[in-house]
Amino acid sequence: MKRLFINFIILSLLAGCTALPASIPFLGTPTLISSPQPTPSPFGLPATFTPDLFAINTAAPTTTPPTGTPAITNTPVPTFTPTNRPTITLEPLDVNLFTPSPNLFPSMQRSTSQLVWGSTCDGARSIQFVVQVVKARRLKFVTLWWHLQDKYSGRQTAWQGGAIMNDNDQGTYFYTLEVDQIADYRYYEDAWLVFQFAASTVTRKVLGRSVVDRTSVSLTHCKVFNP
């Protein structure tokens, strides 16, 4: 009897479940609703972008100086004019500087008329002499002689040199004299470079001399031009 009662209850429950409406949410099969998904876009590079592996990130040039940087302006370089002082009257030449003979030196050229010494100015530190010499019997050497004569006093150096000039076997002789070859030049602020040429035999017997040039070449310290 007890078993029959239990079976009745179970059958009643089953019959009740079949009578429930099919629209009850928790008993129905869930329906998936698709929602639109965002479409991914590229990283922002154009389709045709090609990276330059050798490009360097450099700031664009500008004509405006950065703040706090003073602008550079071109300032004219001052020019200096040496103070003019009266030069002395040179003493008469020693007659021993000449040898009676035909003129063996018809022409002479030099590379400059102004030599300078010192470190505060630009200028020639050497001078080249080129002379034409008349062909003479027994002529072997042409030599260059020089000394300094202060422009504003009677002070001068002794004759020096005797430098043998080079030649081209066609009567042209040439020699380059450096300032450092001139003895005691550091004791002369502004002086004349006095020079003369001599032609001689193989035994150094003088055949003839040129006229002494006394005032065509100057040797000057830089401070005369840049006080």
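**Notes on the predicted model**

1. Leu 219 is found in strand S10, which spans residues 218–221. The model is a predicted one. Leu 219 has 0% relative accessibility, so this residue counts as buried, the cut-off for buried being under 20% relative accessible area.

2. Residues up to four places away in sequence aside, Leu 219 touches Gln 114, Leu 115, Val 116, Trp 117, Leu 148, Val 179, Ile 182, Tyr 185, Glu 189, Asp 190 and Ala 191.

3. The largest nonpolar core holds 29 residues, and the members that touch the most others are Met 165 and Leu 193. At least two residues of this core come from each of strands S2 (114–117), S3 (126–132), S4 (141–150), S7 (172–178) and S8 (190–200). The most is given by S8, with five residues.

4. Neighbours within four places in sequence left aside, Met 165 is in contact with Phe 129, Val 131, Val 142, Thr 143, Leu 144, Tyr 173, Phe 174, Tyr 175 and Phe 197.

5. Arg 138 is not a glycine, yet has a positive phi of about 70°. Arg 138 lies in the loop between S3 and S4. Its relative accessibility is 47%, so Arg 138 counts as partly exposed.

6. Arg 204, not a glycine either, has a positive phi of about 70°. The loop that holds Arg 204 runs between S8 and strand S9 (206–209). With a relative accessible area of 48%, Arg 204 is partly exposed.

Conventions: Residues numbered from 1 in each chain as written. Predicted model: local features only at pLDDT ≥ 70, side-chain atom pairs only at ≥ 80, totals over all residues. Heavy atoms only, no water. Helix = DSSP H or I, 4+ residues; strand = E, 2+ residues; numbered from the N terminus. Buried < 20%, exposed > 50% of the residue type's maximum accessible area, 1.4 Å probe, protein only. Contact = heavy atoms within 4.5 Å. Core = buried A, V, L, I, M, F, W, Y, C linked by side-chain atoms within 4.5 Å.
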